[in-house]
Amino acid sequence: MKNNLVTVIVSVYNAEQFLDKCIRSIQNQTYQEIEIILVNDGSTDNSLKICENYSAKDSRIIIIDKPNGGVSAARNRGIEASRGEFCCFVDSDDWIEHTHIEAMLNEMLDADCLIEGYIREDNNDMVNCQLNSCEYNMDDLNWQEIESLFANGYIHPCWNKLYKVQLIKKFDVRFEEEIHISEDSLFCLNYLLFCNKLKISESTTYYYHIESNAISLSKKVYDDIFDIYGRVYKCLDKLLVRGNCNKSLRNQILIKTIYPQIYSSVIKILRDNEKTKEQKKQMLDKMNTIDYCENVLIGAVSVSNNKIEKMMLKLIINRRYRLLETIWRWRIK
């Protein structure tokens, strides 16, 4: 796929510590037919100045400077400004190998989306999260192998994929700006709804950086957290139905994909020091009345291989929250 312009979209917010490494890794690609859109999302540090310094020396770099509106709004601005036939996303605290774009283009061929694994970089400890190379017809998803693709989280991030810009713009696929969790998941699932062929690469050329001691926004407990996961559940179910996935496999994928999110959210609620015991109970009681939550949690009891986890799941289902919190605190000691 020579001479096809690839747009690389980077949302930038207070990323001065990592931004040089990120931008240089994109500039130094073996595939040079790229445009690099740096969307400064109201940074209050030196991020904008760093972007401007690179832009002054590289005509491929486009800067969009906007008031702070969140990562989804920034990525959407990048999509709207993109001129490439293909696009990918790089987070401003991550970086990519010099062959990243060329390798993805060469493998994508006639597919509508390419997904690859990644290297998880956690304070210099690197873990290779690799996938097996294969391809899928999106109208026939009755393949046991796709279960791990969904359940192990490779579908959720937007940055481990190569997309066709034409499909994104034709079907108006965008990041939802009013939510603060799972916006990546919904974007990717909505995009896949309009794909005919999906290709999986065994390459791992993206480096996903995690700060172990950082305070993550994902730790915040939003009041609508289970409603948002419900939207992910419905969108995933819609994709699997469209792919003629048989009922048994479909249910298995839904449980294994959504269960970790519900379970981790329950733990976040229990450890939330800003909420009273009554507020926590109200949130968890509400969760237990939502059909998809009940179905997923009951199903998760049968698929979990961890005895303590099974017990905690049963406590969630039976609304034994005080005992659940006691066991959880004992477990992390």
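The model is a predicted one.

Start with the sheet. Four strands form an open sheet in the order S5-S12-S7-S8, and the pairing is mixed. Two of these strands are edges: S5 (95-96) and S8 (125-129). Each of the edge strands pairs on one side only.

Now look at S7, which covers residues 118-122. On one side, S7 meets S8 through five bridges, and these two strands run antiparallel. Ile119 has Asn128 in S8 as its bridge partner. Glu121 is bridged to Met126, also in S8. S7 and S8 form a hairpin with two residues between the strands. In that hairpin, Asn123 takes a positive phi near 50°.

S7 also pairs with S12 (residues 206-210). Four bridges join S7 and S12, and here the strands run parallel.

Next comes helix H4, residues 100-108. Which residues of H4 are buried? They are His100, Ile101, Ala103, Met104, Leu105 and Met108. Just after H4 sits Leu109, with a positive phi of about 50°. Leu109 has this positive phi although it is not a glycine. Its place is in the loop between H4 and strand S6 (113-116). Is Leu109 buried or exposed? Leu109 counts as exposed because its relative accessibility is 52%, and the cut-off for exposed is over 50%.

Ser182 also has a positive phi, of about 60°, although it is not a glycine. Look for Ser182 in the loop between helix H6 (165-170) and helix H7 (183-192). Ser182 has a relative accessible area of 15%, so it is buried; the cut-off for buried is under 20%.

Turn now to empty space. Rolling a probe the size of a water molecule over the atoms shows where such space is left. How many cavities of 30 Å³ or more does the structure hold? There is one. About 30 Å³ of space lies in the largest cavity. Around it stand Tyr136, Met138, Leu141, Ile146, Leu149, Phe150 and Leu198. Helix H5 (residues 146-151) gives the most to this lining, with three residues. The lining of the largest cavity has seven nonpolar residues, no polar and no charged ones.

The last stop is the second largest pocket. About 280 Å³ of space lies in it. Its lining consists of Leu270, Lys277, Glu278, Lys280, Lys281, Leu284, Tyr321, Arg322, Glu325 and Thr326. Helix H10 (277-288) and helix H13 (321-332) are the elements that give two or more residues to this lining. The largest share comes from H10, with five residues. By type, the lining of this pocket splits into six charged, three nonpolar and one polar.

Conventions: Residues are numbered from 1 along each chain as its sequence is written. This is a predicted model: local features need pLDDT of at least 70, side-chain atom pairs count only at pLDDT 80 or more; totals for chains, interfaces and linings use all residues. Side-chain values use heavy atoms; hydrogens and water are left out. On a 1 Å grid over the protein atoms alone, a cavity is a set of points where a 1.4 Å probe fits but cannot get out, and a pocket is an open set with protein on both sides within 12 Å along at least five of seven lines; lining residues have an atom within 4 Å of a point. Grid points are joined across faces, edges and corners, and a volume is the space filled by probe spheres set on the points. Ala, Val, Leu, Ile, Met, Phe, Trp, Tyr, Cys and Pro count as nonpolar, Asp, Glu, Lys and Arg as charged, and the others, Gly among them, as polar. Buried means under 20% relative accessible area, exposed over 50%, partly exposed in between (1.4 Å probe, protein chains only). Two strands pair if DSSP finds at least two bridges between them.
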